[in-house]
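This report describes selected features of the structure shown below. It is intended for a reader who is new to the structure.

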Amino acid sequence: MQKSKIGLLKFITCGSVDDGKSTLIGHILYDAKLIYTDQEKALELDSKVGSTGGTIDYSLLLDGLMAEREQGITIDVAYRYFTTDARSFIVADTPGHEEYTRNMAVGASFADLSVILVDASQGVLVQTRRHARICKLMGIRHYVFAVNKMDLVQYSENRFAEITAQIEALASELSLDSVKIIPLSATAGDNVTKRSSNMPWYTGEPLLEYLETVDVAADSSDEKFYMPVQRVCRPDRTFRGFQGQIEAGSLNAGDTVRTLPSGETANVKSIFVGDRQTDSAVKGQPVTVTLDREVDVSRGCVITKDDGIAAYGTLDASLLWTDDVPLEPGRDFLVKLGTKLIPAVVTQIKYAVDVNSGEHTPADRLSKNGIARCTVKLSEPVTADRFSVHKTLGEFILIDRVSNMTAACGVVEELYEKSVSGEDKAAFTDGVLKASGDLFEEFYYDVNSYNVFHAQTVTHTFGIGDEIPSHGKSYTYPDDLDVIVLRDKVAVKIRNRKVAALLSFDSYEYDGTVPLVNGRGFGVLARNDAEVKQFIAEYEASDKDSLPDLFGKWLSFVTYRKIYISGTFI
Amino acid sequence: MPVLSHLDELEAEAIYIIREVAAECEKPVMLYSIGKDSSVMLHLALKAFYPEKPPFPFLHVNTTWKFKEMIKFRDETAKKLGIEMLEYINEDGVRRGINPFDHGAAYTDIMKTQALKQALDKYGFTAAFGGGRRDEEKSRAKERIFSFRNASHAWDPKNQRPEMWTLYNTKINKGESIRVFPISNWTEKDIWQYIRREKIDIVPLYFAAKRPVVERDGNIIMVDDERFPLREGEVPQIKSVRFRTLGCYPLTGGIESTASTIDEIIEETLASVESERTSRVIDNEAAGSMERRKREGYF
């Protein structure tokens, strides 16, 4: 039988400054003749001017930046590429020093497997624990502990057994899923690419062979489809496709899907993988999906077949702080989760986690390279899940709103304030006509975080003759009112606080005798039908850049609405 | 569940990145150098937005010393695909007669690095896609996919933004810009295999053909037009050569080869033990030269 290739393996190497991780990878590349000759020539040249005096220093292959060459340490992630007969690899060589923990996390976030170096003469050290903890935090499931420098402990089986026991204790403490322990010597080449004759007592694979055969594909047989929407593709009026990458499961033409956070359902009309139309697509593929009906979906929304996925207003997360400016609770950021980018506030640091020992301690701030469990309040509900359940919906970054730095990365541990789904959302209906009831949303100013939020407290569907709640904490509507819901292209006539009629825009005419609001209850500054039609036309011709000006020109928030002050979250 | 192939994974990653930029960045542009990596980038951009056309223009910074066949290929490609292709030439450099024969490193700086900065400033582009790959050169091996430039287009390798998972932070302040490298994780071999799989058109100079060349300092240089100043006693020879990278013809070394199909090129590439930048004359100056140039704003 022909040897079938398994997928690309992305892995990282971590270890402290002296563990010899650059040497290890340099050795794999060199041994397997995987480096090109001119880089090899450059390596020899570099070596001559370097401190090792004439002998080849494999680590120079990887320590690319000049600053690093001068200091002799690795400060940033270096990516290397190699292919053997069995597999293609991308290796991220990451810095081991605590000062560069955030750079190590970058490498870990990219990898499926982590090779953690342990010095055989020293055993499991504080930094070994730190590296394993960061890898686990960033979601790595497969681990190789490379017990290096076995030549310095006379290839002792007993010493290896001692270290194995230490590693197993650490793996159990951190609940590492898949762990392989290999005794080797990077400089001497034992058990790197070839089985070592110095350690006949080790019967497992050498490192490279293990990396060539390990299966890191997640068991995805029962995963259900979900896709965060990257953009809406509208080449013309007839085509409206949602573009994104399938993050789990598979999708077939004709499937029924749900959109989040709007909670609508629709059937899949067509699927494109790149520029090729197809009947089905699977996890990992970039697709364009069209649906058989109009849905309220834009960038940041999620399309799914999984009923367990929902939108939430508040998250508890483990944050790794990556900015020079420390975190203090109450600060607001932009959060990017999936493809959604919105304001958010870190309202609370529940406790700090010691990156070395894992110990929980109270904290009122979080400094660079520190980890803490925090509460993040989102400015609107976002489709999210626990990192351990739906990885792509459980990972996020915080962006500083002044410096634009990536201030932190985080993984979701708990979710609160589940958003009401589409069927439970306030709405107006009459036969086939349906319009959203966003005019009953409450707007409030949160005194803890100094931010304005909105919340849906009314979840009723209103039919003809039903009385509406015309007074809320943040709105007071007149008894007679016309509502033009732009998104649904439906006008709702309210007369004497009751729903009198729903009309599609085509058959609606504004007679100018009652007040007029848009779908969110903002006053519309139009006096007659001609001006209403002009507003609608300008809205339909607008894009995301022109929308704020357009709304500024036609809408008035304060006519029937206000923002009320709140001491607690809704 | 089928496992995606290595090329499918790289393609998906690149398309994801290209879509993120189009969705989040204010004014993106895709740099187009006419080389094979640019051909792959263009192909990925077409796939990423289909059935829409790429929602950004393409920019070629022309040093005026490109191979004639490259310019012809560029114009035909833009016309065939109906994409917006901008060309920028540093006219000041042209007026001063800056050329690769007399001005060496200054030529690269004025006609490429400065020209690129001028072009980005002229149009106000906030994000520029480039076809850089991490396997090309040591300092590129450490560059992020989203790489930030200050108002004077300089890169600070010591203070790169952390890039976590595929959550790219595209936020910048006024005057700053981003270089985006969607094919960072591709190797030269991946590029060739993808060109074969997708049947992507590339400039014929990549295929071996009989061409007039001279040999200088161990490099085979093509005599592409009458501006080439032959040294005393130098007579162009007709040889079967091809090019592994394309740039300014006086600075691009060819290799003797008879590989005239993609399969033959792939076979040669897989067997090759020389990494491709060896044939770019400018890289051999000194260790760390690429990093130094990038800090100064070279792409």
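## Helices 4 and 5 of chain A

Helix 4 of chain A and helix 5 of chain A are oblique to each other, since angles under 35 degrees count as roughly parallel, over 145 as roughly antiparallel, 65 to 115 as roughly perpendicular and the rest as oblique. Their axes come within 9 Å and cross at roughly 50°. The crossing of helix 4 of chain A and helix 5 of chain A is right-handed.

In this contact (C-beta atoms, placed from the backbone, within 7 Å), Thr101(A), Met104(A), Ala105(A) and Ala108(A) of helix 4 meet His131(A), Ile134(A) and Cys135(A) of helix 5. The residues of this contact divide into 5 nonpolar, 2 polar and no charged.

## Basis of the model

This is a predicted model, in which local features need pLDDT of at least 70, side-chain atom pairs count only at pLDDT 80 or more, and totals for chains, interfaces and linings use all residues. Residues are numbered from 1 along each chain as its sequence is written, while chains are lettered from A and ligands numbered from 1 in the order in which they are written.

## Helices 2 and 6 of chain B

In chain B, the axes of helix 2 (residues 36–49) and helix 6 (residues 188–198) come within 10 Å and cross at roughly 50°. The crossing of these helices of chain B is left-handed.

## Arg80(A)

Arg80(A) belongs to strand 2 (residues 78–83) of chain A. Arg80(A) is buried, with 22 other C-beta atoms within 10 Å (buried: 20 or more; exposed: 12 or fewer; partly exposed: in between).

Key
Axes are lines fitted to C-alpha atoms, for helices over the stretch in contact, and angles run from 0 to 180 degrees between N-to-C directions. Helices (H or I, at least four residues) and strands (E, at least two) are DSSP runs, numbered from the N terminus. A crossing is left-handed if the near helix is turned anticlockwise from the far one by less than a right angle, and right-handed if clockwise. Two residues are in contact if their C-beta atoms, placed from the backbone, lie within 7 Å. Ala, Val, Leu, Ile, Met, Phe, Trp, Tyr, Cys and Pro count as nonpolar, Asp, Glu, Lys and Arg as charged, and the others, Gly among them, as polar.
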